Amino acid sequence: MAKQTGMLQFTGRLGNIIGYKRNGSYFLRTMPETVRQTSATRKAAHHFGIASRKGKLIRQAITPHLDINSDGSLVNRLNKTLIPAGKNHLHAVKGFRFNRHCGLEYFFPDQPVIQDNIVKIPAQVIPQQEAFTHLVVKAIAVRLCFTERCIEKMYTATAIIDLNQPFNGAELETTLPGKGSLLVILQVQPYNGTYAIQNKRCMAADIIAVTAPAAIKRKTITTTTDHRIKSTFSARIWRVLSDPSPHPPPLLSDVTGHSPPGIVKSAT
């Protein structure tokens, strides 16, 4: 690959040259003249496309509400996590870190849990840091519809933990009714007074819960046939066809022998 060093740097296709950005730098590569795909490579490309679309929707829904700047590896890390998950399995993203340098265990040795749509952080001794005065904990809940590629709903709840006082636990509500997939993210941002600590090794934002959409119940419509009427009508047809008299019995009549309205029986 070639690195772009000029004044004008670009991404995308220009003729047979493709420009792209990686880790803050711009590079160039040429397009292949021919692409030979086997069934395995086509299948892999299909799975990668599904993972890329899901990852893009997740990023669009969550990153605008994070106080943590995402690094350049977020796209690739999220896609890599989603590819083995397949088309209908989203639980693989549980535990995913939006900041790869730090996780929730840095702040909470006893990990938060979610019960009845409530994020519960157990009472515990939080590791002390000289520069930290308090922690701002934010829970982000989003409903996503991957079929229609849309964000259905979003909800956030915030709690402040004073590090100068014993921590007796905290709860954050994340109830978000809807039909799409539910993702719950917990972010922890340390503060020193009124200033947020921007050290990437001291900020965490992890996916702590994933709930798949409820299965659609399909109604099965069964058609019942009255065999008695069917057999009676068949027998009546046979009698009419086999009757040698000039006035055969009427063909159209109900089961009781009466003609339907508008049908007059022949006189015998």
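A salt bridge is a side-chain nitrogen of Lys or Arg within 4 Å of a carboxyl oxygen of Asp or Glu, and a search of the whole structure finds 2 of them. The structure is a predicted model, with a pLDDT that averages 83 over the protein and reaches at least 70 in 78% of the residues.

**Salt bridges and a charge over a ring**

- Side chains of opposite charge can pair when their charged atoms come close.
- Lysine 138 and aspartate 67 are joined through their side chains in a salt bridge, with 3.5 Å from N to O. Because lysine 138 belongs to strand 7 (residues 134-145) while aspartate 67 lies in the loop between helix 1 (39-62) and helix 2 (74-82), the pair ties together parts that are 71 residues apart in sequence.
- Lysine 138 counts as buried at 15% relative accessibility, whereas aspartate 67, at 40%, counts as partly exposed.
- The other salt bridge listed here links arginine 97 with glutamate 105, whose closest N and O atoms are 2.2 Å apart. Arginine 97 is partly exposed at 27% relative accessibility, and glutamate 105 is also partly exposed, with a relative accessible area of 41%.
- The charged end of lysine 54 sits over the ring of phenylalanine 146, at 5.6 Å from the centre of that ring.

**Aromatic pairs**

- The whole structure holds 4 aromatic pairs according to the search. One of them is formed by phenylalanine 96 and phenylalanine 98, whose ring centres are 5.5 Å apart and whose planes meet at 85°, so the pair is edge-to-face.
- Both phenylalanine 96 and phenylalanine 98 are buried.

**Strand 10 and its partners**

- Strand 10 is mostly covered, with 10 of its 12 residues buried.
- Strand 10 pairs with strand 7 in the antiparallel sense over 11 bridges, and within this pairing valine 136 stands opposite glutamine 189 in strand 10.
- Strand 10 also runs antiparallel to strand 12 (residues 204-211), to which 7 bridges join it, and here leucine 183 faces valine 210 in strand 12.
- A further antiparallel pairing, over 2 bridges, connects strand 10 with strand 11 (residues 195-196), where asparagine 192 stands opposite tyrosine 195. The hairpin of strand 10 and strand 11 has 2 residues between the strands, and in it glycine 193 takes a positive phi near 70°.

**Valine 184**

- Valine 184 has its place in strand 10 (residues 181-192) and counts as buried, at 1% relative accessibility.
- Beyond its neighbours within four places in sequence, valine 184 is in contact with several residues, among them Ile114, Val119, Ile140, Ala141, Thr174 and Ile208.
- The C-alpha atoms of valine 184 and asparagine 117 are separated by 9.3 Å, although these residues are 67 residues apart along the chain.

- An open sheet of 4 strands is arranged in the order 1-4-3-2 with antiparallel pairing. Its edge strands are strand 1 (2-3) and strand 2 (12-14), each of which pairs on one side only.
- Strand 1 and strand 4 (residues 25-30) run antiparallel and are joined by 2 bridges, and alanine 2 stands opposite leucine 28 in strand 4.

Key
Residues are numbered from 1 along each chain as its sequence is written. This is a predicted model: local features need pLDDT of at least 70, side-chain atom pairs count only at pLDDT 80 or more; totals for chains, interfaces and linings use all residues. Side-chain values use heavy atoms; hydrogens and water are left out. Buried means under 20% relative accessible area, exposed over 50%, partly exposed in between (1.4 Å probe, protein chains only). Contact means heavy atoms within 4.5 Å. Rings of Phe, Tyr and Trp (its six-membered ring) pair if their centres lie within 6.5 Å; planes under 30 degrees apart count as stacked, over 60 as edge-to-face and the rest as tilted. A charge sits over a ring if NZ of Lys or CZ of Arg is within 6 Å of the ring centre and within 35 degrees of the ring normal. pLDDT is the predictor's confidence in each residue, from 0 to 100. Two strands pair if DSSP finds at least two bridges between them.
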